[in-house]
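Colleague: Could you take me through this model step by step, and end each reply on the value or name I asked for?

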Amino acid sequence: MRAPIERLRELIILQRKLIKKYLITNEQIYCLEYDLNREEREKMKTQPSMNEDIQKYLIYKITPSKTLKRIFWITSTQDYNHGEYELHHFVRKSIRKNNLEFYSRVEHLQKLIYMTAQMNRDLENMGEDTFFKKYGIPKFDLVFCRRKWREGYYD
């Protein structure tokens with residue numbers, strides 16, 4: 001597979017050729033892209049917003065002793081600094097979006113976890129051991145893991 005930057009370069013060159021050959025304007029290209037993305041935008045409108053999730057699910061923070069403690073002061077997305085902190089869904093939103101049947105079986109586990117933005121990024125990018133060494137808390141305490149669920153860890 002080609003590197004994304006090479007593919008993007010090829011697409012821009014192709015776009016320029018089509019503009020010259022068919023006298024298409026950039027505005028027409030943007031309109032076409034808008035129409036093509038309409039379905040995706042409509043789909044996004046049906047997804048619950050973070051404010052709806054804040055109202056629906058319990059919210060926790062990670063304590064210095066590396067346990068989760070429920071907090072009550074967040075009532076909307078306006079209550080915390082998004083540059084430094086994020087609310088993380090324990091059960092990934094992609095499960096809710098792509099597999100509603102399974103999500104209905106595990107939704108009772110859903111919670112929002114208030115954490116630093118860096119921790120949230122590391123949660124997505126680091127392996128279990130590396131994450132535990134850096135933060136002192138197992139990833140599967142912060143992200144739903146099907147294997148742990150099957151083992152009864154969340155019971």
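This is a predicted model: local features need pLDDT of at least 70, side-chain atom pairs count only at pLDDT 80 or more; totals for chains, interfaces and linings use all residues.

Colleague: Which helix holds L11, and is L11 buried, exposed or partly exposed?

Modeller: L11 lies in helix α1, which covers residues 4-22. Buried would require under 20% relative accessible area and exposed over 50%, and because L11 has a relative accessible area of 38%, L11 is partly exposed.

Colleague: How is the protein built up along the sequence, and what does its radius of gyration say about how spread out it is?

Modeller: The protein has eight helices and four strands, and read along the sequence these follow the pattern α-α-α-β-β-β-α-α-β-α-α-α. The globule rule gives 15 Å for 155 residues, and the protein is well over that value, so it is more spread out than a compact globule, with a radius of gyration of 21 Å.

Colleague: What percentage of the residues count as buried, and which of them belong to helix α6?

Modeller: Of the 155 residues of the protein, 30% count as buried. In helix α6, which runs over residues 117-125, the buried residues pack against β1, β3, β4 and α7. The buried residues of this helix are A117, M119, N120, D122 and L123.

Colleague: Where is S76 found, and which residues does S76 touch beyond those up to four places away in sequence?

Modeller: S76 is found in the loop between β2 and β3. The cut-off for a buried residue is under 20%, and S76 is therefore buried, since its relative accessible area is 17%. Leaving aside residues up to four places away in sequence, the residues that S76 touches are N51 and I54.

Colleague: How many disulfides does a search of the whole structure find?

Modeller: A disulfide is a covalent bond between the sulfur atoms of two cysteines. Among the cysteines here, C31 counts as partly exposed at 42% relative accessibility, whereas C145 counts as buried at 17%. For disulfides, a search of the whole structure gives a count of zero.

Colleague: How far apart in helix α1 are R7 and E10, counted in helical turns, and what is the N to O distance in their salt bridge?

Modeller: An α-helix has 3.6 residues a turn, so residues three or four places apart point the same way. R7 and E10 are three residues apart in helix α1, so about one helical turn separates them. R7 counts as partly exposed at 38% relative accessibility, and E10 also counts as partly exposed, at 32%. Their side chains meet in a salt bridge whose N to O distance is 3.4 Å.

Terms used. Residues are numbered from 1 along each chain as its sequence is written. Side-chain values use heavy atoms; hydrogens and water are left out. Helices (H or I, at least four residues) and strands (E, at least two) are DSSP runs, numbered from the N terminus. Buried means under 20% relative accessible area, exposed over 50%, partly exposed in between (1.4 Å probe, protein chains only). Contact means heavy atoms within 4.5 Å. The radius of gyration is taken over C-alpha atoms; the globule rule is 2.2 Å times the number of residues to the power 0.38. A disulfide is a pair of cysteine sulfur atoms within 2.5 Å. A salt bridge is a side-chain nitrogen of Lys or Arg within 4 Å of a carboxyl oxygen of Asp or Glu.
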